[in-house]
Amino acid sequence: MFGKILIANRGEIACRVIRTARRMGISTVAVHSDADSRALHVKMADEAVHIGPSPAIESYIAIERVMDALKRTGAEAVHPGYGFLSENGRFSKALESEGVAFIGPPTGAIEAMGDKITSKKIARDAGVPIVPGYMGLIGDAEEAVRIAADIGYPVMIKASAGGGGKGMRIAWDDDQAREGFRSSRNEAAASFDDDRIFIEKFVTRPRHIEIQVLCDAHGNDIYLGERECSIQRRNQKIIEEAPSPFLDGTTRAAMGEQAVSLARAVGYRSAGTVEFIVDESRNFYFLEMNTRLQVEHPVTELITGIDLVEQMIRIAAGERLPFSQSDVTLDGWAIENRVYAEDPRRGFLPSTGRLTRYRPPEETAAGPLLAGGLWEGAAATGETAVRNDTGVYQGGEISVHYDPMIAKLCTWAPRRDQAVEAMRLALDRFEIEGIEHNLSFLSAVMDHPVFVSGDITTAFIDDEFPAGFNGVSLPESDLRRVAAAAAAMYRLVEIRRTRISGRMDNHERRIGGDWVVNVQGKPFALRAEADRDGADLHLPDGGAIRVESDWKPGESLAVLRLDGEPLVLKVGKVSGGFRLRTRGADMTVSVRTPRQAELASLMPARRPPDTSRLLLCPMPGLVIKIDVEVGEEVQEGQSLCAVEAMKMENILRAERKSVVSRINVGPGDSLAVDDVIMEFE
């Protein structure tokens, strides 16, 4: 076994590898750029080596810099994580020439299957059904348009060396094909140093289901079930689960056997994933093979009890798999939510800045994870598991240079509905401040009836949020609960205030019991009757809600029980009430006496400023190009400019017909959120 490994990656996956290596007694080396000098993976590793400037192309994907770090530290093996150099054949060859083990597949398998064009040809030749498309290289945008028209719209434009949603665009007409080709090629060059592009037919309303494989060097090849990865934004997965709520045992076995056969065809070793598009009749088509560890691997670990990182390390050290296909069982249900620094209300555009608060829910172990002893430090519950893979900490920075992932929050339970409910509570307990994030959107999905039913496709977000995500409006039954909780909590705030002021000798008796709570524009008149253990909140219709909690004023998280059922609230103080967040809803809740409520109803509402004549930057980023000139008449939907953020090129378009009156920025300028890019007449 290796004594020291270097992790050629950053963020949560670097921390994930360190966690397993530490349990195995293996020393670790972290590498880092300028931007990551104080990153969590640097703090966790036994050694750390600086490898260059912040841009990934000058550090994390600069092979010579990583090789230099290897020589300086004497590491015997390298784990590449995912992204960066994980599917780079030149990197694995360089390691081989230095006698350093690559904790991944052989170079031949990387080159054959890591390249999307080559892998499809191999799959086709092996008799594996593939999605129709053009497998040759495409020279320019006009050739892309001709090919797309021949295949038939819609088409998917993809980077040959791509992954993680980078370099991918869906085109529905010639203009989108032309623009999509250019953007995909630019992203592919920046992310993978490889700008080759191919085009395939886009299968409408498909499911994205993948099979996890493990192969050693001794002829043992197995599959570990499937992962459902259909919920995506910008062609990148955000919610995964295992197993799939759609597959039956026959289809699962067929997909698994085909995935293993494909791996054998290229002499695969290590962990890998074969991805399929599955239609509504359970017909499946080979999409690609990822010759690396997948972002969503934790859900497979949670239902099998197998540490995939450990098996990758052992396979790279020449060991045999300690189990066979017949030993693999799928126990319970696991769900992963990717927590991103992005604003779902602005089309999921990335956000950057300092994490002024970062408090994830407590990790717990249960089921296969507990039985396997894989997650040290997690409290054993035996009922549900909560796991949080992360690479950040409170006070740390979310950089503009890298993927905006904050954490991967996972839950496990014996049944799917239990795993979903565990995820709802875990999301409510997850506190993040200082940047925009997608916790509210994830909560909305967990409560969405289509997701709850399991009848999901890759079109889920487009179908269920056609106008974008604009927050969550809770049903009245939930608003009643929030109002009751707010009244009980505000009563405690008033008691504390009177104690501090010292103005009342018998302050608790003199705090009023009648309150009007306004939640999402709906007023609730409540009367509180408190006792030592909690309070009964009475409503005008004769109903009552019992509220119990040990929450104290000033605490940012309130864990309450209302009529015996849990309610978790993230709490912020505002004048005359609270900012409360739960189940994806973000509410400013006022709590007033009846007289105060009467007077407040007479106050005019504040009007928001008019920004209809401005193009505001929706995220921090770098101006790539300006497509219009002052005085030019633009049409609705016309491209105005391109802004790059976190390796993604974002096209900003005109919302209506107008004339450009002023342009305030130029290519190369750095922008913050809501900076004015241009103005219109």
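**Salt bridges in the predicted model**

Arg 424 is buried, with a relative accessible area of 15%. In this predicted model, the side chain of Arg 424 meets that of Glu 421 in a salt bridge, with an N to O distance of 2.8 Å. Both residues belong to helix H13 (residues 416–429), where a spacing of 3 residues separates them by about one helical turn.

In total, 61 salt bridges are present in the structure. Among them is the pair formed by Glu 142 and Arg 178, whose closest N and O atoms lie 2.7 Å apart. Glu 142 is located in helix H7 (residues 141–151) and Arg 178 in helix H8 (residues 174–192), so this contact ties together parts separated by 36 residues in sequence. The relative accessibility of Glu 142 is 37%, which places this residue in the partly exposed class.

A further salt bridge involves Arg 546 and Glu 548, with 3.5 Å between N and O. Arg 546 counts as buried because its relative accessibility of 19% falls under the 20% cut-off. Glu 548 is partly exposed, its relative accessible area being 33%. Elsewhere, salt bridges with shared partners join Arg 16, Arg 23, Glu 301, Asp 307, Glu 310, Arg 314, Glu 319, Arg 387 and Asp 389 into one network.

Notes: Residues numbered from 1 in each chain as written. Predicted model: local features only at pLDDT ≥ 70, side-chain atom pairs only at ≥ 80, totals over all residues. Heavy atoms only, no water. Salt bridge = Lys/Arg side-chain N within 4 Å of Asp/Glu carboxyl O. Helix = DSSP H or I, 4+ residues; strand = E, 2+ residues; numbered from the N terminus. Buried < 20%, exposed > 50% of the residue type's maximum accessible area, 1.4 Å probe, protein only.
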